[in-house]
Amino acid sequence: MDSTPRRKSGLNLPSGMNETSLRLETLSSSSSFRAVTCVSSPRAISSLSSPSKTSSCSDRFIPCRSSSRLHTFGLVEKGSPVKEGGNEAYARLLKSELFGSDFGSFSSPAGVQGGLSSPNKNMLRFKTDHSGPNSPFSPSILGHDSGISSESSTPPKPPRKVPKTPHKVLDAPSLQDDFYLNLVDWSSQNVLAVGLGTCVYLWTASNSKVTRLCDLGPNDSVCSVQWTREGSYISVGTHLGQVQVWDGTQCKRVRTMGGHQTRTGVLAWNSRTLASGSRDRHILQHDLRISSDYVSKLVGHKSEVCGLKWSHDDRELASGGNDNQHSQLPILKLTEHTAAVKAIAWSPHQSGLLASGGGTADRCIRFWNTTNGHQLNHVDTGSQVCNLAWSKNVNELVSTHGYSQNQIMVWKYPSLSKVATLVGHSLRVLYLAMSPDGQTIVTGAGDETLRFWNVFPSMKTQTPVKDTGLWSLGRTQIR
């Protein structure tokens with residue numbers, strides 16, 4: 001017998017198994033070891049299995065549920081046959097053990113036994129994670145043919161960017177700060193007319209040339225200007241109540257017409273005749289083919305007429321006054337405004353759609369169906385509405401404002417969402433005109449400046465307007 005003491009092992013081994021039956025297997029491709037690999041000899045487990053077979057146990061990967069983001073997946077429950085007498089409580093408990101407590105607390109809809117049912121045949125579907133930005137490869141973009149379902153819709157188109165600063169500023173000395181006057185108009189031949197004091201000046205946009213059209217003298221002043229649609233002739237309303245017609249290319253007076261007892265603050269041409277509105281509360285219709293001063297008189301306003309616009313088909317004339325109403329005489333009288341109505345604009349995109357804006361006590365833009373007189377919508381702008389103009393390129397309109405913010409606003413129609421808010425004038429933005437291409441507007445105020453803004457896209461490209469225009473950024477004088 002060997003008297004050498006046997007070293008006691010630190011392992012507790014089952015009977016019939018010694019230390020030599022255990023070994024660590026080294027991975028040939030690295031220096032690491034498999035953590036729990038054991039190989040037992042046939043003798044050690046002869047009582048459990050046949051001598052010709054070996055048994056091995058290896059590690060397996062168990063995922064960590066807390067970091068698996070299972071909340072982003074929803075189980076589409078597929079109906080399965082349930083054995084008669086199945087235990088519903090057991091099914092919920094099993095579901096809770098497999099998929100977490102959130103699924104365990106979910107109750108089955110009434111009428112469904114042994115689980116939930118869904119018309120979808122997929123086992124799992126991926127829910128949209130709303131915590132992050134939309135992916136360009138989202139199912140809403142790929143479409144339904146990709147076989148991926150999504151609960152999100154196509155992301156909305158980003159709003160069109162409008163330059164926040166004017167690209168051109170003109171000094172306009174003696175431009176009056178009077179809400180009831182209309183002293184700026186832009187012709188179809190790209191010539192801007194501005195009434196300054198007793199004179200009318202023409203500014204050619206293509207070359208920035210300034211021409212003095214007329215001077216009314218020390219006893220009169222300019223109250224309104226309006227080009228014909230062809231852009232060849234321009235009408236001038238005076239403080240004494242006259243209406244003068246001038247040839248814009250020859251700078252020659254063609255006709256002088258009377259009829260008003262006091263100042264003529266607004267003018268409107270249609271294809272054949274000229275309408276004029278006055279502080280005397282009357283609207284006169286003038287026809288240059290007839291020798292008389294006017295051919296008809298429209299009576300209905302109880303105060304000064306300050307807004308006047310023909311519809312695009314020449315069938316209706318909308319007028320606004322200081323009596324807080326506007327009308328298409330003698331068809332309709334619309335009285336919802338609570339302040340003077342100077343801002344009037346007909347939509348070029350929809351027949352019979354009229355927009356009107358009220359003064360300081362009203363501050364609203366209202367939209368009307370002139371066929372039946374119904375108000376379609378309205379929006380409170382928060383400021384006095386001085387002017388309105390529809391874009392002919394897109395279904396949008398621009399409004400200019402006075403007290404108290406003196407801003408310029410661009411609106412989408414019919415959603416009435418704001419595209420842009422522009423500021424720059426220090427006083428009420430009383431005057432507004434649009435360029436022949438429909439992309440640029442010019443605004444005038446009592447701060448004696450004219451500012452040019454790029455606010456609408458072109459009709460062909462429909463691309464965002466750029467911050468550069470026909471003229472370089474700078475400040476010059478209109479006279």
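Visitor: How much of the chain counts as buried?
Guide: Of its 479 residues, 43% count as buried. Buried means under 20% relative accessible area, with a 1.4 Å probe and protein chains only. This is a predicted model, where local features need pLDDT of at least 70, side-chain atom pairs count only at pLDDT 80 or more, and totals for chains, interfaces and linings use all residues. Residues are numbered from 1 along each chain as its sequence is written, and side-chain values use heavy atoms, leaving out hydrogens and water.

Visitor: How many aromatic pairs are there?
Guide: The search of the whole structure finds six. Rings of Phe, Tyr and Trp (its six-membered ring) pair if their centres lie within 6.5 Å; planes under 30 degrees apart are stacked, over 60 edge-to-face, the rest tilted.

Visitor: What kind of pair do Trp203 and Phe452 form?
Guide: A tilted one, 5.2 Å centre to centre, with 40° between the planes. Trp203 is in strand 8 and Phe452 in strand 32, 249 residues apart. Strands are DSSP runs (E, at least two residues), numbered from the N terminus.

Visitor: Buried or exposed, those two?
Guide: Trp203 and Phe452 are both buried.

Visitor: And why is the pair of Phe367 and Trp390 edge-to-face?
Guide: Because their planes are at 75°, with the ring centres 6.2 Å apart. Phe367 lies in strand 24 and Trp390 in strand 26, so the pair ties together parts 23 residues apart in sequence. Phe367 and Trp390 are both buried.

Visitor: New topic. Where does the charged end of Lys342 sit?
Guide: Over the ring of Phe179, 5.5 Å from its centre. That label needs NZ of Lys or CZ of Arg within 6 Å of the ring centre and within 35 degrees of the ring normal.

Note on methods. Helices (H or I, at least four residues) and strands (E, at least two) are DSSP runs, numbered from the N terminus. Buried means under 20% relative accessible area, exposed over 50%, partly exposed in between (1.4 Å probe, protein chains only).
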